[in-house]
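Please look over the model below with the following notes beside it.

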Amino acid sequence: VATGQFWFDTASLPALVQEQGGVEDFPYPTVAVWLAEGIDRVGVDRLMWGTDQPGMLHHLNYPQMLRLAQLHTEHLSSEEREMVLGDTAKRVYFHEA
């Protein structure tokens, strides 16, 4: 995969799990698999955690969305976690360094 203009947005991962026949509830363990795949394919610096509000509210509530982000990024370093949870989005959308 050429990564020049490719970004991996995690917002819909819980819905994707269910659409692919998964019968999972919070905290959606398969999300960890897709997150690892995204990191392996495009790098942690091109991955953005999102909530896709309000579209995901029929899958989980907002406190669960926050907890999901915490759970599935706790294995990352502090710097990597900051990238995934906000710094990459700032760079992409607002051209902040």
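1. For accessibility, buried means under 20% relative accessible area, exposed means over 50%, and partly exposed lies in between (1.4 Å probe, protein chains only). On that scale Arg41 is exposed, with a relative accessible area of 51%, whereas Glu37 is partly exposed at 33%.

2. This is a predicted model, in which local features need pLDDT of at least 70 and side-chain atom pairs count only at pLDDT 80 or more, while totals for chains, interfaces and linings use all residues. Residues are numbered from 1 along each chain as its sequence is written, and side-chain values use heavy atoms, with hydrogens and water left out.

3. A search of the whole structure finds 2 salt bridges, each being a side-chain nitrogen of Lys or Arg within 4 Å of a carboxyl oxygen of Asp or Glu. In one of them the side chains of Glu37 and Arg41 meet at 2.3 Å, N to O; these residues are 4 apart in helix 2 (residues 29–42), and so are separated by about one helical turn. Helices here are DSSP runs (H or I, at least four residues), numbered from the N terminus.

4. The side chains of Lys90 and Asp87 also form a salt bridge, at 3.8 Å, N to O. Lys90 and Asp87 lie 3 residues apart in helix 4, and therefore about one helical turn from each other. Lys90 is partly exposed, at 38% relative accessibility, and Asp87 is likewise partly exposed, at 34%.

Methods. Helix = DSSP H or I, 4+ residues; strand = E, 2+ residues; numbered from the N terminus.
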